[in-house]
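Dear colleague,

I am passing on the structure below, together with some notes on what turned up in it. Please look through the structure first and then read the notes beside it.

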Amino acid sequence: MKHLTIIVPNGENNLSSITGTYEIFSRANLYWKNTGKQELFSIQLAGVSPRVDFNAGLFSVKPHTTIAAIAKTNLIIVPSLNHNYELALKGNDALVTWLQQQHQLGAEIATICTGTFLLAASGLLDGRVCSTHWSVAENFRLMFPKVHLQTDLLITDEKGIYTNGGAYSFLNLILYLIEKYYDRQTAIYCSKVFQIEIDRSTQSEFTIFNGQKKHEDEVVKQAQSYIENNLEEKITIGDLSSKFNVGRRNFDRRFIKATGNTPIEYAQRVKIEMAKKAFETSRKTINEVMYEVGYADIKAFREVFRKYTGLSPLDYRGKYNKDSSWFISH
């Protein structure tokens with residue numbers, strides 16, 4: 001029998017990602033057993049401390065064991081952390097070391113949402129692709145520049161290291177792991193029992209792009225403000241570099257270093273974010289919104305919109321605008 005360790009880190013972290021993981025894997029074990037097979041996993045919650053309080057003491061978790069008592073395990077699940085990452089990491093130094101040791105012994109490790117910070121602190125994500133919640137991407141890149149963060153991805157799977165996007169998308173990661181360790185039918189069964197949409201692959205649709213301003217390059221900040229205040233314009237790299245008296249190649253390099261996007265990608269993200277808000281809150285047509293955010297070619301607009309949301313403009317409006325029935329009748 002394989003051993004599954006669900007981590008209970010010290011601190012006010014995310015309880016639902018711990019209990020949800022435990023419940024779904026337990027149900028998968030039961031389903032597996034009911035089909036005449038031996039339970040696949042021995043499941044344990046393991047902490048650094050014998051008890052951890054959540055939500056200002058409203059809930060408490062008493063793990064089955066401590067990480068110090070586990071010499072070897074097969075699969076480790078790291079839950080979501082609270083948003084004070086420096087505090088969360090300082091309170092779990094022993095856990096970071098233990099993750100390194102277990103991976104060297106052959107354990108696979110999956111992180112949920114911001115649990116990625118804990119794994120990144122171990123160095124095990126250096127040079128790898130990973131995902132995390134879109135809202136913390138800028139902080140993550142600043143703290144762990146050696147990791148290739150791709151927040152558009154809902155799940156990453158790279159040589160026994162798994163990460164996923166934000167919040168309750170951890171349910172999709174758990175289904176992914178159940179299919180990998182058990183089989184497809186068990187994953188489908190859990191999908192139906194817990195009513196989780198199976199085979200989701202992106203969190204792009206849920207991303208709110210707020211810009212990337214946590215850097216010290218004032219020229220790039222000025223360029224960002226210019227882009228954001230001139231949505232209707234078709235902006236080129238040449239225009240921006242000339243406006244701010246920086247060579248084109250140097251400007252492009254500085255912009256990517258500061259924001260993680262090329263100037264064109266940044267402009268696209270800002271425009272699409274404004275288009276999303278218009279589709280969510282107004283009765284404007286797709287063409288009206290397209291022109292307002294600086295596009296004249298409907299095909300190009302659709303392609304860029306789908307690139308950053310995973311949906312067509314029509315599908316997005318239909319899903320998020322409460323007056324979508326109005327568009328059908330008109």
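**Salt bridges**

Glu 179, Arg 184 and Asp 199 are joined in a network of salt bridges, a salt bridge being a side-chain nitrogen of Lys or Arg within 4 Å of a carboxyl oxygen of Asp or Glu. Before going further, please keep in mind that this is a predicted model, in which local features need pLDDT of at least 70 and side-chain atom pairs count only at pLDDT 80 or more, while totals for chains, interfaces and linings use all residues. Residues are numbered from 1 along each chain as its sequence is written, and side-chain values use heavy atoms, with hydrogens and water left out.

By the rule for salt bridges, the count comes to 11. One of them joins the side chains of Arg 269 and Asp 152, at 3.8 Å from N to O. Arg 269 lies in helix α11 (residues 263–281) and Asp 152 in the loop between β9 (148–149) and β10 (155–158), so this pair ties together parts that are 117 residues apart in sequence. Helices (H or I, at least four residues) and strands (E, at least two) are DSSP runs, numbered from the N terminus. Arg 269 counts as buried, at 18% relative accessibility, whereas Asp 152 is partly exposed, with a relative accessible area of 28%. Here buried means under 20% relative accessible area, exposed means over 50%, and partly exposed is in between (1.4 Å probe, protein chains only).

Another salt bridge is formed by Asp 217 and Arg 254, whose closest N and O atoms are 2.8 Å apart. Asp 217 lies in the loop between α7 (184–194) and α8 (218–229) and Arg 254 in helix α10 (residues 248–259), so the parts tied together by this pair are 37 residues apart in sequence. Asp 217 counts as buried at 18% relative accessibility, while Arg 254, at 23%, is partly exposed. In the salt bridge between Glu 292 and Lys 284, the side chains meet at 2.9 Å, N to O; Glu 292 is partly exposed at 40% relative accessibility, and Lys 284 is partly exposed at 31%.

**Aromatic rings**

How many aromatic pairs are there? The count comes to 20 aromatic pairs, where rings of Phe, Tyr and Trp (its six-membered ring) pair if their centres lie within 6.5 Å, and planes under 30 degrees apart count as stacked, over 60 as edge-to-face and the rest as tilted. The rings of Phe 25 and Phe 41 have centres 5.8 Å apart and planes at 90 degrees, so this pair is edge-to-face. Phe 25 belongs to helix α1 (residues 15–34) and Phe 41 to strand β2 (residues 41–47), so the pair ties together parts that are 16 residues apart in sequence. Phe 25 is buried, with a relative accessible area of 0%, and Phe 41 is buried as well, at 1%.

Tyr 295 and Phe 301 form a tilted pair, 5.5 Å centre to centre and with 55 degrees between the planes, and both of these residues are buried. Ring pairs also link Phe 279, Tyr 295, Phe 301, Phe 305, Tyr 316 and Tyr 320 into a cluster.

**The nonpolar cores**

Nonpolar side chains tend to be buried together in soluble globular proteins. A nonpolar core is taken here as a set of buried Ala, Val, Leu, Ile, Met, Phe, Trp, Tyr and Cys residues joined through side-chain atoms within 4.5 Å. The largest one has 35 residues, of which Leu 4, Phe 25, Phe 41, Ile 77, Ile 178 and Tyr 182 touch the most other members. At least two residues of this core come from each of β1 (2–8), α1, β2, β3 (52–54), β6 (75–78), α6 (170–181) and α7, and the largest share, 7 residues, comes from α6. Leaving aside neighbours within four places in sequence, Leu 4 is in contact (heavy atoms within 4.5 Å) with residues including Phe 25, Phe 41, Leu 75 and Ile 77. A second, separate core has 30 residues, among them Leu 89, Ile 109, Phe 117 and Ala 120.

**Cysteines**

A search of the whole structure finds 0 disulfides, a disulfide being a pair of cysteine sulfur atoms within 2.5 Å. The sulfur of Cys 130 is 12 Å from the closest cysteine sulfur, in Cys 113, which is too far for a bond.

With best wishes
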